[in-house]
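Me: I'd like to go through this model in short questions. Please settle the angle terms before anything else.

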Amino acid sequence: MDRSLPWHDRSMRNAWRWPLVTAIAPVTWGSTYYVTHRFLPAEYPLYGSVLRALPAGLLLLALSRTLPRGVWWWRSAVLGLLNIGAFFALIYVAAQLLPSSVASTVTATSPIAMVLLGWALLRERPHLVTVGAALVGAVGVVLTAFTGPVRLNPAGLLASLSAMLMASLGYVLTRKWTTRPGAQPVNVLASTAWQLTAGALLLIPVAVAVEGAPPPLDARTVPAYAYLTLVATALAFTAWFTGLRHLTAGTVGVIGLLNPVTGVLLGTLAAGEHLSGRQMVGIVLVLLGVLAGQTLARTGLSWPRWLRLPARTRAG
């Protein structure tokens, strides 16, 4: 076998390693829509979130065998609130008040939010291609998810937008507190475990207040919860936070666009339906956006001079 072929080039394999690891998260998150609606009771979304996050957090905690130290006690609480607790609660409100197409469209703006937050908090000046890829991917999500005119509920729109912004902020803070110069070294399994456990514990009182007693478990729901816990939460969040350690916030955000597309694809296939021409164009645009965000950004394309940060600011 000719090891000089580009596919076998070590630098190329390394360049794609972390994007592929990161992509595990949005693809498995996209599958949660199908699993949740097919096998789990619709009236217990908050308890469903707790049953996903808490066992996953405790499992990763057992594997890492590491408790938070020093500042990581309050950091874990903050990140658990932003990435898990408040995020799941707001998504629940949005799901009750908004069509899924609108919620998917709001989610599609998260790469732009992560690009801007990464620029502001991490001094990660985004590539022009990354921003373009995020916009192309967002258009693709809209084409894939929208099925016709819808009514917008202001409260639902606010909840969905708040969930997106809080999670984007949480992801950028995760990167800031684990990768920036002077950051205290933390194992990715341990930090993921702390966030999931803290977020679930914060969510339990809300679930009790809103939904009362927890849902009954049976032979139908236990395998579904097991999949959501082990694959769509423990594995997915570990992959996502691993990606945030090796890729810029904007790049990770663009990869996240695979989430709503996976959900639409699985939902359509499970229903025995066919994708429309508009949806197929949308999926192609999302894939092009994701691929462009991982490849063309390395070619050196940059912003016009008048949009660049001063060199002294970028160095900070």
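Reply: Angles between axes count as roughly parallel under 35 degrees, roughly antiparallel over 145, roughly perpendicular from 65 to 115, and oblique for the rest. The model is predicted: local features need pLDDT of at least 70, side-chain atom pairs count only at pLDDT 80 or more, and totals for chains, interfaces and linings use all residues. Residues are numbered from 1 along each chain as its sequence is written, and side-chain values use heavy atoms, with hydrogens and water left out.

Me: How many helices and strands does the protein chain have?

Reply: Helices (H or I, at least four residues) and strands (E, at least two) are DSSP runs, numbered from the N terminus. From that end, the elements run α-α-α-α-α-α-α-α-α-α-α-α-α. The total for the protein chain is 13 helices and zero strands.

Me: What share of the protein chain's residues count as buried?

Reply: Buried means under 20% relative accessible area, exposed over 50%, and partly exposed in between (1.4 Å probe, protein chains only). The protein chain has 316 residues. The buried share is 46%.

Me: Of contacts between residues at least 6 apart in sequence, what share join residues at least 24 apart?

Reply: Contact means heavy atoms within 4.5 Å. Count the pairs in the protein chain that are at least 6 apart in sequence. Those joining residues at least 24 apart make up 90%.

Me: How are helix 7 and helix 9 oriented to each other?

Reply: Axes are lines fitted to C-alpha atoms, for helices over the stretch in contact, and angles run from 0 to 180 degrees between N-to-C directions. For helix 7 (residues 154–179) and helix 9 (residues 221–246), the axes come within 9 Å and cross at roughly 60°. The two helices are therefore oblique.

Me: Which residues of helix 9 does helix 7 meet?

Reply: On the helix 7 side are Tyr 171, Thr 174, Arg 175, Thr 178 and Thr 179. By class, this contact has four nonpolar, four polar and two charged residues (Ala, Val, Leu, Ile, Met, Phe, Trp, Tyr, Cys and Pro count as nonpolar, Asp, Glu, Lys and Arg as charged, and the others, Gly among them, as polar). The partners in helix 9 are Trp 240, Phe 241, Leu 244, Arg 245 and His 246.

Me: Is the crossing of helix 3 and helix 7 left-handed or right-handed?

Reply: Helix 3 covers residues 72–97, and the axes of helix 3 and helix 7 come within 8 Å, crossing at roughly 155°. That angle makes the pair roughly antiparallel. A crossing is left-handed if the near helix is turned anticlockwise from the far one by less than a right angle, and right-handed if clockwise. Here the crossing is left-handed.

Me: What is the angle between helix 2 and helix 3, and which residues of helix 3 meet helix 2?

Reply: The axes of helix 2 (residues 45–64) and helix 3 come within 10 Å and cross at roughly 150°. That makes the two roughly antiparallel. From helix 2 come Pro 45, Leu 46, Ser 49, Arg 52 and Ala 53. They meet helix 3 at Ile 84, Phe 88, Ala 89 and Tyr 92.

Me: Which residues touch the most other members of the largest nonpolar core?

Reply: A nonpolar core is a set of buried Ala, Val, Leu, Ile, Met, Phe, Trp, Tyr and Cys residues joined through side-chain atoms within 4.5 Å. The largest one has 49 residues. The members touching the most others are Trp 29, Tyr 171, Leu 196, Trp 240, Phe 241 and Leu 244.

Me: Which residues does Thr 174 touch?

Reply: Thr 174 sits in helix 7. Thr 174 is buried, at 3% relative accessible area. Not counting residues up to four places away in sequence, Thr 174 touches Leu 79, Asn 83, Gln 195 and Phe 241.

Me: With which residues is Ala 167 in contact?

Reply: Ala 167 is in helix 7 and is buried, with a relative accessible area of 4%. Leave aside neighbours within four places in sequence. The contacts of Ala 167 are then Leu 82, Asn 83 and Phe 87.

Me: Is Arg 65 buried or exposed?

Reply: Arg 65 lies in the loop between helix 2 and helix 3. Its phi is near 50°, a positive value in a residue other than glycine. With a relative accessible area of 76%, Arg 65 is exposed.
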